[in-house]
Amino acid sequence: MSVEFGFFLETVISGLMAGVMYALVALGFVLIFKASGIFNFAQGVMCLFAALTFVGVQEKFGLPAWLALPAAVGVMILLAWLIERLVLRHLVNQDPIILFMATIGLAYVLEGLGDLMWGSDVKLLDIGLPQGASDYMLDNFNLYVEKLEVVAAVIASILVAALAVFFQKTRVGRALRAVADDHQAALSVGISLNTIWVIVWSVAGIVALVAGIMWGSKSGVQFSLSLIALKALPVLILGGFTSIPGAIVGGLIIGVGEKVAEVYMGPFVGGAVENWFAYMLALAFLLVRPQGLFGEKIIERV
Amino acid sequence: MFYRETGQFKTNYSDDRAIFPIAQDRYGIMILLAIAFFVIPFTVDDYWGNAIFLPLLIYALIAMGLNVLVGYCGQISLGTAAFMAVGSYASFKLMTSFPGLDFTIVVLMSGLITAVVGSLFGLPSLRIKGFYLAVATLAAQFFIIWLVNKVEWFYNYSATGQINAPERTALMFPVTGPNAPILYKYFFCLIIVVLAALVTKNIVRGRIGRQWMAIRDMDIAAELIGVRPLTTKLSAFAVSSFLIGMGGALYFGVWLGAAEPTEAFGIDQSFLILFMIIVGGLGTILGSFLGAAFLWLFPIAFKNFMVDSLGLSTAMSEHLQIILMGGLIIFFLIVEPHGLARLWQITKEKLRIWPFPH
């Protein structure tokens with residue numbers, strides 16, 4: 001295997017892994033958009049908030065990690081309930097843009113709240129996930145692969161599988177799909193929208209917690225964590241707002257595209273193309289397929 | 001009682017089509033303008049001018065620009081700050097390349113350049129709709145900021161990567177640079193903003209504005225009755241970017257005086273302006289002004305109150321401020337999704353019959 005090809009392969013693999021991380025964040029967006037038609041801008045901040053809570057309860061109350069996890073999950077569920085009670089319930093039947101703005105407001109509240117409760121300094125998040133390069137890959141294939149990223153990929157696949165089972169096989173999952181299909185029809189067969197919203201925001205909160213922990217162990221828990229939402233947006237439009245496989249595939253495409261562009265195109269234009277390349281890629285793609293890869297075909301009627 | 005139009009008869013069509021058909025409105029706006037032109041400039045000091053009135057006017061102008069696009073034409077844009085940056089850098093390049101050029105012309109040309117760039121980034125709107133478009137406009141945000149950061153020509157190869165406004169005059173009055181008196185700056189901005197508001201108001205109630213609103217309300221139906229989506233959407237992008245570009249030129253040239261791309265034109269700016277029009281009222285000119293005033297004045301007042309009166313630390317008050325800000329936005333959306341402009345309308349309706357119940 002030539003050196004250049006090995007390097008290319010490394011770039012692609014690290015891109016794939018980064019893509020998995022993006023997909024984790026995008027997944028939360030998709031869940032909420034599917035069930036309630038709300039474009040939840042606060043998802044990134046929810047990741048930050050969840051990770052902050054997870055680290056915070058360990059620091060402040062001295063809980064071990066295995067106890068802090070359920071505590072953080074509990075906080076996210078409580079949060080979902082509060083959001084439904086205080087915000088969503090009052091905004092039923094408003095325009096999508098109004099709901100979108102409400103989630104931006106929510107993002108501000110959570111950001112301030114997280115800082116206020118747990119302090120705004122950078123926190124280390126260490127729950128014993130393996131760090132550094134994988135020796136196995138290095139020895140056998142002469143490739144540099146981060147262990148943490150492999151773990152992230154595995155956890156993400158488990159999460160997606162669990163979500164798939166949850167959506168396809170359980171009673172609640174079926175109700176969620178019904179709501180996603182048609183709010184009114186779901187209401188008329190006796191599904192409570194309010195309960196569904198609490199559930200779906202809780203699930204999104206838990207996904208945010210997982211994403212937050214993964215990103216947090218990669219680069220520490222700090223404010224910039226909330227900005228990964230901006231990274232997840234192109235993933236989202238590429239894959240389609242309503243599709244879970246879309247979020248995964250979109251994440252992988254964006255992750256690889258971004259890394260390859262940074263490495264092979266970056267030097268010619270002065271670097272830092274990572275910031276916008278994903279958006280341009282998604283934009284170019286949308287011009288061909290306006291509803292994204294797996295999005296529902298838009299049928300327009302007067 | 002205070003707001004009755006009883007007895008105000010219109011005897012010709014042009015009276016009927018006036019911007020303010022009701023006498024009370026006309027007098028009200030005249031009084032406001034009189035205060036803005038003759039009272040404020042001669043009573044405020046440097047601090048009030050620089051910290052309150054200048055940003056207020058400039059943000060109102062930019063919010064108006066965004067309102068054309070989002071409120072009137074229904075195309076959500078999250079790239080406002082990038083278009084402000086285009087206006088700023090255009091004005092900077094014009095000022096440094098043509099030192100003798102009048103600043104009025106610089107502002108207008110910056111607006112035109114931004115309009116061209118804006119229309120370019122508006123092209124995807126012909127294919128993409130709704131939130132897909134909103135995210136696509138983020139491409140403009142990140143790409144343009146990256147571009148002005150990377151290409152040294154944009155900031156004249158200066159070592160810091162910053163741009164600084166040189167001293168320029170508008171009709172012989174110095175308005176930019178560190179030594180320009182606040183009085184001139186204020187008048188310059190005020191005149192531009194008032195003229196822009198007048199022109200925009202007339203555009204949105206005319207043929208083009210009605211086309212925008214038709215596209216906003218239902219684009220397919222609009223297309224079927226003969227509104228061209230291409231020209232309509234692109235004209236909305238062009239007019240909106242023109243206003244935002246002028247605002248950007250004023251923002252950098254007159255108000256800030258120096259700008260650094262990632263700070264002055266970050267995505268937070270885009271959101272701030274979007275909040276302004278949502279809180280002020282989508283699809284109203286008045287709303288742009290009210291929203292800008294509210295979102296600019298409230299944090300200042302709140303900070304002063306928290307730090308000076310309650311003696312909290314700045315960091316603490318910042319956290320509280322951001323929470324309160326988010327809470328207020330949610331509160332506003334729940335209580336009055338149509339914004340402050342709608343509240344004013346309700347007040348007017350109430351005043352019309354007050355104090356009688358019917």
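Student: Is Leu32(B) buried or exposed?
Tutor: This is a predicted model: local features need pLDDT of at least 70, side-chain atom pairs count only at pLDDT 80 or more, and totals for chains, interfaces and linings use all residues. Residues are numbered from 1 along each chain as its sequence is written, chains are lettered from A and ligands numbered from 1 in the order in which they are written, and side-chain values use heavy atoms, without hydrogens and water. Leu32(B) sits in helix α2 (residues 23-43) of chain B; helices (H or I, at least four residues) and strands (E, at least two) are DSSP runs, numbered from the N terminus. Buried means under 20% relative accessible area, exposed over 50%, partly exposed in between (1.4 Å probe, protein chains only), so at 55% Leu32(B) is exposed.

Student: What is the phi of Tyr157(B)?
Tutor: Most residues other than glycine have a negative phi. Tyr157(B) lies in the loop between α6 (130-150) and β1 (163-164) of chain B, and is exposed at 55% relative accessible area. Although not a glycine, Tyr157(B) has a positive phi of about 60°.

Student: Which loop holds Leu171(B)?
Tutor: Leu171(B) also has a positive phi, about 50°, without being a glycine. Its relative accessible area is 63%, so Leu171(B) is exposed. Its place in chain B is the loop between β2 (169-170) and β3 (173-174).

Student: Are α2(A) and α4(A) roughly parallel or roughly antiparallel?
Tutor: Axes are lines fitted to C-alpha atoms, for helices over the stretch in contact, and angles run from 0 to 180 degrees between N-to-C directions. Those of α2 (residues 43-61) and α4 (residues 96-118) of chain A come within 10 Å and cross at roughly 15°. Under 35 degrees counts as roughly parallel, over 145 as roughly antiparallel, 65 to 115 as roughly perpendicular and the rest as oblique. The two helices are therefore roughly parallel.

Student: Which residue forms a salt bridge with Glu258(A)?
Tutor: A salt bridge needs a side-chain nitrogen of Lys or Arg within 4 Å of a carboxyl oxygen of Asp or Glu. Glu258(A) is buried, at 1% relative accessibility. The closest N and O atoms are 3.4 Å apart, and the partner is Lys231(A).

Student: How many residues apart in sequence are the parts tied together by Asp25(B) and Lys348(B)?
Tutor: The two side chains meet in a salt bridge, 3.6 Å from N to O. Asp25(B) lies in helix α2 and Lys348(B) in helix α15 (residues 339-353) of chain B, so the parts tied together are separated in sequence by 323 residues.

Student: What is the relative accessible area of Asp219(B)?
Tutor: Asp219(B) and Lys129(B) form a salt bridge (3.2 Å, N to O). Lys129(B) is partly exposed, at 33%. Asp219(B) is buried, and its relative accessible area is 17%.
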